[in-house]
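Please look over the sequence and the model shown below. The report that follows moves from single residues to the chain as a whole.

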Amino acid sequence: MSLLSLAKLPLSADEGWPDLERIHPGILKVFLLLVLPLSLLPPAMLYFAGTHYPEVFGPAAHARDWAVVAAVFLVAELATYALMGWLIKQVGNTNGLAIDPHDAYLLAAIAAVPLWVSSLSLLVPSLIFSAAVSSIALALSCALLYQGLQALGRKREAVVATEAVQIVIGAGLIAWALLLVLALV
């Protein structure tokens with residue numbers, strides 16, 4: 001699968017997604033080659049930012065054990081991935097989308113990529129910058145979920161896909177908020 005095909009995933013249910021279905025990567029392979037390496041980015045970036053410029057996170061951040069924060073964040077992130085795959089499957093079924101467990105977990109992994117990569121914004125000591133980058137990443141994740149649910153759910157109804165994305169993103173935002181609370185409080 002080319003980088004051009006990957007770049008088209010958030011833009012269309014007809015571009016890139018058929019290539020993914022044809023390749024049909026195994027969930028273990030997706031986990032080991034995509035989820036695990038990329039889910040290491042946010043904890044590593046939190047650790048880096050927390051140890052190099054903790055004042056960005058507020059006055060209480062100086063006293064934190066950033067290694068523990070990073071470890072807890074990683075465990076919570078991996079649990080969130082598992083829950084999001086399950087939720088995508090459940091929401092898909094509820095809305096009449098024929099999405100199997102494999103595709104649900106594949107979509108959970110692909111939709112999380114922009115969020116994982118956005119953690120690189122913590123290399124810049126500015127919460128406003130990180131928030132802006134995270135907002136763009138969230139929009140890309142929404143687009144990936146929307147197009148992926150249409151493509152992998154085999155039902156091209158925009159209203160159904162939009163409804164499903166709202167539920168999944170809502171749950172995802174709650175999960176990310178909880179992760180941030182774990183990390184920063």
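C142 has its place in helix α7, where helices (H or I, at least four residues) and strands (E, at least two) are DSSP runs numbered from the N terminus. With a relative accessibility of 24%, C142 counts as partly exposed, a class that lies between buried, under 20% relative accessible area, and exposed, over 50% (1.4 Å probe, protein chains only). Leaving aside neighbours within four places in sequence, C142 is in contact with V165 and I169, contact meaning heavy atoms within 4.5 Å. C142 and Q166 are 24 residues apart in sequence, and their C-alpha atoms are 8.5 Å apart in space.

The model is predicted, so that local features need pLDDT of at least 70 and side-chain atom pairs count only at pLDDT 80 or more, while totals for chains, interfaces and linings use all residues. Residues are numbered from 1 along each chain as its sequence is written, and side-chain values use heavy atoms, with hydrogens and water left out.

Helix α7 also holds Q147, which counts as buried because its relative accessible area is 11%. Not counting residues up to four places away in sequence, Q147 touches L9, P10, L11, S12, A13 and W17.

In soluble globular proteins, nonpolar side chains tend to be buried together. Setting aside neighbours within four places in sequence, L107 is in contact with W17, I88, I99, L144, L145, G148, L149 and L152.

Some nonpolar residues lie on the surface instead: V117, L120, L123, V124 and F129 form a nonpolar patch with about 380 Å² of accessible area together. Such patches are made of residues with over 30% relative accessible area and no salt bridge, nonpolar side chains (Val, Leu, Ile, Met, Phe, Trp, Tyr) being joined within 5 Å and like charges within 9 Å. V124 is found in the loop between α6 (101–118) and α7 (127–152), and its relative accessible area of 37% makes it partly exposed.

A search of the whole structure finds one salt bridge, that is, a side-chain nitrogen of Lys or Arg within 4 Å of a carboxyl oxygen of Asp or Glu. R22 forms it with D19, the closest N and O atoms being 3.6 Å apart, and both residues lie in helix α2, three residues apart, about one turn of the helix. The two partners are set out here.

| Residue | Relative accessible area | Class |
|---|---|---|
| R22 | 61% | exposed |
| D19 | 23% | partly exposed |

Taken as a whole, the chain has eight helices and zero strands, and 45% of its 185 residues count as buried. Among contacts between residues at least 6 apart in sequence, 69% join residues at least 24 apart.

Key: Areas by Shrake-Rupley, 256 points an atom, 1.4 Å probe, with all protein chains shown as cover.
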